[in-house]
Amino acid sequence: MNNTRIYKMSFASVYPHYIQKVEKKGRTKEELDTVIFWLTGYDEKSLQQVIEQKTDFETFFAKAPQINPNVSKITGVICGYRVEDIEDKLMQQIRYLDKLVDELAKGKAMEKILRQ
């Protein structure tokens, strides 16, 4: 599977879709940002820079301040693949983010989403 297109996609181009997805289900942009901060270690200021610079997903994860050590607790199926079985590290990180956004949109409690 060639994932180059996804890796080169800018985070800024996908972020509004994440916001739309969670807001449509009654969640907030702030909750979405909390999930992103938890996964990547970015904060509000650094995430805004990523968006303004139209950083691609490859760079977004490569420069993430701190991938959460509890990511291994994220399990389940996203886009037909079990996230814990994805061998490509970058694709796995992208799918972790997708999974967390899905869980937020589905109304899961933040403590469960953040694996606390």
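Biologist: What does Val71 touch, not counting residues up to four places away in sequence?

Modeller: Val71 touches Leu39 and Tyr96, with residues up to four places away in sequence not counted. Contact here means heavy atoms within 4.5 Å. Before going on: this is a predicted model, where local features need pLDDT of at least 70 and side-chain atom pairs count only at pLDDT 80 or more, while totals for chains, interfaces and linings use all residues. Residues are numbered from 1 along each chain as its sequence is written, and side-chain values use heavy atoms, with hydrogens and water left out.

Biologist: Where is Val71 found?

Modeller: In the loop between H5 and strand S1 (77-78). Helices (H or I, at least four residues) and strands (E, at least two) are DSSP runs, numbered from the N terminus.

Biologist: Is Val71 buried or exposed?

Modeller: Val71 is buried, with a relative accessible area of 12%. Buried means under 20% relative accessible area, exposed over 50% and partly exposed in between, using a 1.4 Å probe and protein chains only.

Biologist: Switching to helices. At what angle do H2 and H3 pack?

Modeller: H2 (residues 11-24) and H3 (residues 29-40) pack at about 125°, and their axes are 9 Å apart. That makes H2 oblique to H3. Axes are lines fitted to C-alpha atoms, for helices over the stretch in contact, and angles run from 0 to 180 degrees between N-to-C directions. Under 35 degrees counts as roughly parallel, over 145 as roughly antiparallel, 65 to 115 as roughly perpendicular and the rest as oblique.

Biologist: Which residues meet there?

Modeller: From H2, Phe11, Tyr15, Tyr18, Ile19, Val22 and Glu23; from H3, Lys29, Leu32, Asp33 and Ile36. By class, the contact of H2 with H3 has 7 nonpolar, no polar and 3 charged residues. Ala, Val, Leu, Ile, Met, Phe, Trp, Tyr, Cys and Pro count as nonpolar, Asp, Glu, Lys and Arg as charged, and the others, Gly among them, as polar.

Biologist: How do H2 and H6 lie, parallel or antiparallel?

Modeller: Roughly parallel. The axes of H2 and H6 (residues 89-105) come within 9 Å and cross at roughly 25°. The contact uses Phe11, Tyr18, Lys21 and Val22 of H2, and Leu97, Asp98, Val101, Asp102, Leu104 and Ala105 of H6.

Biologist: What about H3 and H6, at what angle do the axes cross?

Modeller: At roughly 150°, with the axes coming within 10 Å. That makes H3 roughly antiparallel to H6. The residues in contact are Glu31, Leu32, Val35, Ile36, Trp38 and Leu39 of H3 with Gln93, Tyr96, Leu97, Leu100, Val101 and Leu104 of H6. By class, that is 10 nonpolar, 1 polar and 1 charged.

Biologist: Rings next. How many aromatic pairs are there?

Modeller: The structure holds 8. Rings of Phe, Tyr and Trp (its six-membered ring) pair if their centres lie within 6.5 Å; planes under 30 degrees apart count as stacked, over 60 as edge-to-face and the rest as tilted. Phe11 and Phe57 form an edge-to-face pair, 5.8 Å centre to centre with 75° between the planes. Phe11 lies in H2 and Phe57 in H5 (residues 57-62), so the pair ties together parts that are 46 residues apart in sequence. Phe11 and Phe57 are both buried.

Biologist: How are Phe57 and Phe61 arranged, stacked or edge-to-face?

Modeller: Stacked, 6.5 Å centre to centre and 20° between the planes. Phe57 and Phe61 are 4 residues apart in H5, so about one helical turn separates them. Phe61 is buried at a relative accessible area of 5%, and Phe57 has 2%.

Biologist: Which residues form the aromatic cluster?

Modeller: Phe11, Tyr15, Tyr18, Tyr42, Phe57, Phe60 and Phe61 form one cluster.

Biologist: Last one. Where does Ile113 lie?

Modeller: In helix H7 (residues 110-113). Ile113 is buried, with a relative accessible area of 0%.

Biologist: And what is Ile113 in contact with, leaving aside neighbours within four places in sequence?

Modeller: Val35, Leu100, Glu103, Leu104 and Lys108. The C-alpha atoms of Ile113 and Thr28 are separated by 14 Å, at 85 residues apart along the chain.
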